[in-house]
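Let's take a quick walk through this one. Have a look at the fold before reading on.

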Amino acid sequence: MPPKVMRPYVPKRHPLQRLKSPALGFSSILHFAGLSSFGASYKYLIDYPTLINEAYGWHFQYLTILGLLLATLTFTLASLSDLTSSRTLFNLKNHVSILATPLAVLITTLYGALVSIDKELVIPPEFQLGLLPDLSFHAVPAVVLTVDYLLFSPPWGIRFREA
(Lines give C-alpha, C1' and ligand atoms only; values in the text may rest on other atoms or scores of the structure.)
Protein backbone atom coordinates (compact mmCIF):
# COMPACT_ATOMS: atom_id res chain seq x y z
CA MET A 1 0.00 0.00 0.00
CA PRO A 2 1.52 3.39 -0.99
CA PRO A 3 2.20 5.85 1.84
CA LYS A 4 -0.35 8.59 2.33
CA VAL A 5 0.72 12.08 1.41
CA MET A 6 0.18 14.52 4.25
CA ARG A 7 -1.21 17.84 3.13
CA PRO A 8 -1.16 20.96 5.28
CA TYR A 9 -4.41 21.50 7.11
CA VAL A 10 -6.50 24.19 5.48
CA PRO A 11 -9.53 25.17 7.57
CA LYS A 12 -12.90 25.31 5.91
CA ARG A 13 -14.44 28.73 5.53
CA HIS A 14 -18.07 29.26 6.45
CA PRO A 15 -20.08 30.23 3.33
CA LEU A 16 -21.25 33.48 4.99
CA GLN A 17 -17.82 34.42 6.31
CA ARG A 18 -16.68 37.45 4.29
CA LEU A 19 -12.89 36.93 4.09
CA LYS A 20 -10.61 33.96 4.61
CA SER A 21 -9.40 33.45 8.15
CA PRO A 22 -7.23 32.08 9.63
CA ALA A 23 -4.82 33.11 6.92
CA LEU A 24 -1.53 34.89 6.37
CA GLY A 25 -3.17 37.73 4.43
CA PHE A 26 -5.22 40.70 5.57
CA SER A 27 -6.38 38.71 8.59
CA SER A 28 -2.89 38.40 10.06
CA ILE A 29 -2.05 42.03 9.20
CA LEU A 30 -5.11 43.22 11.13
CA HIS A 31 -4.35 40.95 14.08
CA PHE A 32 -0.69 41.94 14.35
CA ALA A 33 -1.54 45.64 13.95
CA GLY A 34 -4.12 45.31 16.72
CA LEU A 35 -1.65 43.54 18.97
CA SER A 36 0.91 46.28 18.30
CA SER A 37 -1.59 48.94 19.35
CA PHE A 38 -2.58 47.01 22.47
CA GLY A 39 1.08 46.50 23.37
CA ALA A 40 1.73 50.22 22.96
CA SER A 41 -1.18 50.90 25.33
CA TYR A 42 0.28 48.64 28.00
CA LYS A 43 3.71 50.21 27.46
CA TYR A 44 2.15 53.65 27.99
CA LEU A 45 0.76 52.50 31.36
CA ILE A 46 4.25 51.40 32.43
CA ASP A 47 6.21 54.32 30.93
CA TYR A 48 3.97 57.02 32.42
CA PRO A 49 3.26 55.85 35.99
CA THR A 50 0.58 57.46 38.11
CA LEU A 51 -0.75 56.81 41.60
CA ILE A 52 -2.93 54.12 40.02
CA ASN A 53 0.21 52.03 39.38
CA GLU A 54 0.66 51.75 43.16
CA ALA A 55 -3.01 51.00 43.87
CA TYR A 56 -4.43 47.57 44.55
CA GLY A 57 -5.34 45.94 41.25
CA TRP A 58 -3.06 48.24 39.23
CA HIS A 59 -4.96 49.57 36.18
CA PHE A 60 -7.14 46.45 36.00
CA GLN A 61 -9.66 48.18 38.24
CA TYR A 62 -10.88 50.05 35.15
CA LEU A 63 -13.30 48.68 32.56
CA THR A 64 -11.19 50.14 29.74
CA ILE A 65 -8.16 48.07 30.73
CA LEU A 66 -10.25 44.94 31.22
CA GLY A 67 -11.64 45.44 27.73
CA LEU A 68 -8.10 45.95 26.43
CA LEU A 69 -7.08 42.70 28.15
CA LEU A 70 -9.90 40.78 26.43
CA ALA A 71 -9.03 42.39 23.09
CA THR A 72 -5.39 41.37 23.58
CA LEU A 73 -6.41 37.80 24.39
CA THR A 74 -8.69 37.68 21.33
CA PHE A 75 -6.02 38.98 18.97
CA THR A 76 -3.32 36.76 20.47
CA LEU A 77 -5.51 33.72 19.76
CA ALA A 78 -6.29 35.09 16.28
CA SER A 79 -2.61 35.68 15.48
CA LEU A 80 -1.64 32.20 16.66
CA SER A 81 -4.50 30.81 14.60
CA ASP A 82 -3.27 32.72 11.53
CA LEU A 83 0.28 31.41 11.98
CA THR A 84 -0.64 27.80 12.64
CA SER A 85 -3.93 27.50 10.69
CA SER A 86 -5.36 25.85 13.79
CA ARG A 87 -9.11 25.40 13.70
CA THR A 88 -9.18 24.96 17.48
CA LEU A 89 -7.50 28.32 18.10
CA PHE A 90 -9.77 29.93 15.51
CA ASN A 91 -12.88 28.60 17.27
CA LEU A 92 -11.53 29.69 20.65
CA LYS A 93 -10.84 33.17 19.23
CA ASN A 94 -14.40 33.36 17.95
CA HIS A 95 -15.81 32.47 21.36
CA VAL A 96 -13.68 35.08 23.17
CA SER A 97 -14.51 37.62 20.46
CA ILE A 98 -18.23 37.24 21.20
CA LEU A 99 -17.51 38.68 24.65
CA ALA A 100 -14.71 41.12 23.77
CA THR A 101 -16.28 42.89 20.77
CA PRO A 102 -19.53 44.11 22.39
CA LEU A 103 -17.59 45.10 25.52
CA ALA A 104 -15.11 47.17 23.49
CA VAL A 105 -17.93 48.87 21.58
CA LEU A 106 -19.72 49.60 24.86
CA ILE A 107 -16.55 51.08 26.38
CA THR A 108 -15.97 53.27 23.32
CA THR A 109 -19.59 54.45 23.27
CA LEU A 110 -19.73 55.24 26.98
CA TYR A 111 -16.35 56.96 26.95
CA GLY A 112 -17.22 59.01 23.86
CA ALA A 113 -20.55 60.10 25.33
CA LEU A 114 -19.03 61.12 28.66
CA VAL A 115 -16.08 62.92 27.05
CA SER A 116 -18.43 64.86 24.78
CA ILE A 117 -20.15 66.20 27.93
CA ASP A 118 -17.05 66.78 30.07
CA LYS A 119 -13.74 64.91 29.89
CA GLU A 120 -13.14 65.42 33.62
CA LEU A 121 -16.11 63.13 34.32
CA VAL A 122 -13.95 60.24 33.14
CA ILE A 123 -10.34 61.29 33.56
CA PRO A 124 -9.12 63.63 36.32
CA PRO A 125 -7.18 66.68 35.06
CA GLU A 126 -3.85 65.37 36.39
CA PHE A 127 -4.18 62.16 34.32
CA GLN A 128 -5.20 63.62 30.95
CA LEU A 129 -4.11 61.56 27.95
CA GLY A 130 -2.77 62.77 24.62
CA LEU A 131 -4.76 62.06 21.47
CA LEU A 132 -2.86 58.93 20.34
CA PRO A 133 -2.92 57.15 23.73
CA ASP A 134 -6.56 58.14 24.14
CA LEU A 135 -7.47 56.60 20.78
CA SER A 136 -5.30 53.56 21.50
CA PHE A 137 -7.11 52.86 24.77
CA HIS A 138 -10.66 53.81 23.84
CA ALA A 139 -11.22 53.55 20.08
CA VAL A 140 -8.76 51.11 18.49
CA PRO A 141 -9.95 47.98 20.37
CA ALA A 142 -13.56 48.56 19.30
CA VAL A 143 -12.63 49.30 15.69
CA VAL A 144 -10.28 46.35 15.13
CA LEU A 145 -12.47 43.88 17.04
CA THR A 146 -15.52 44.95 15.04
CA VAL A 147 -13.65 44.64 11.74
CA ASP A 148 -12.39 41.21 12.80
CA TYR A 149 -15.86 40.13 13.88
CA LEU A 150 -17.60 41.34 10.73
CA LEU A 151 -15.02 40.19 8.18
CA PHE A 152 -13.17 37.20 9.62
CA SER A 153 -15.57 35.44 11.98
CA PRO A 154 -18.28 33.03 10.90
CA PRO A 155 -21.85 34.08 11.68
CA TRP A 156 -23.36 32.88 14.92
CA GLY A 157 -26.77 31.30 14.93
CA ILE A 158 -29.17 30.80 17.80
CA ARG A 159 -31.27 27.68 17.87
CA PHE A 160 -34.79 27.67 19.24
CA ARG A 161 -33.78 25.74 22.37
CA GLU A 162 -30.94 28.18 23.15
CA ALA A 163 -33.15 31.26 22.87
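## The chain as a whole

This is a predicted model, with a mean pLDDT of 80 for the chain and 75% of its residues at 70 or more. Take care with residues 7-11, though: pLDDT stays under 50 there, and the model has six contacts for that stretch beyond four places in sequence.

Of its 163 residues, 36% count as buried. Among contacts with a separation of 6 or more, 70% link residues 24 or more positions apart.

## Helix α5

Helix α5 takes in residues 140-152, 13 residues in total. From first C-alpha to last, α5 reaches 17 Å, close to the 18 Å expected at 1.5 Å a residue.

Which residues of α5 are buried? They are Pro141, Ala142, Val144, Leu145, Asp148 and Phe152. The cover over these buried residues includes α1 (26-47), α2 (63-84), α3 (87-117) and α4 (131-138).

## Ser41

Ser41 sits in helix α1. Is Ser41 buried or exposed? Ser41 counts as buried because its relative accessibility is 1%, and the cut-off for buried is under 20%.

Leaving aside residues up to four places away in sequence, Ser41 touches Leu68, Ser136 and Phe137. With Ser136 there is also a side-chain link: a polar contact of 2.5 Å joins Ser41 and Ser136.

Key:
Residues are numbered from 1 along each chain as its sequence is written. Side-chain values use heavy atoms; hydrogens and water are left out. Helices (H or I, at least four residues) and strands (E, at least two) are DSSP runs, numbered from the N terminus. The expected span of a helix is 1.5 Å times one less than its number of residues. Buried means under 20% relative accessible area, exposed over 50%, partly exposed in between (1.4 Å probe, protein chains only). Contact means heavy atoms within 4.5 Å. A polar contact is a pair of N or O atoms within 3.5 Å; within protein, one must be able to donate a hydrogen and the other to accept it, and residues adjacent in sequence count only if both atoms are side-chain atoms. pLDDT is the predictor's confidence in each residue, from 0 to 100.
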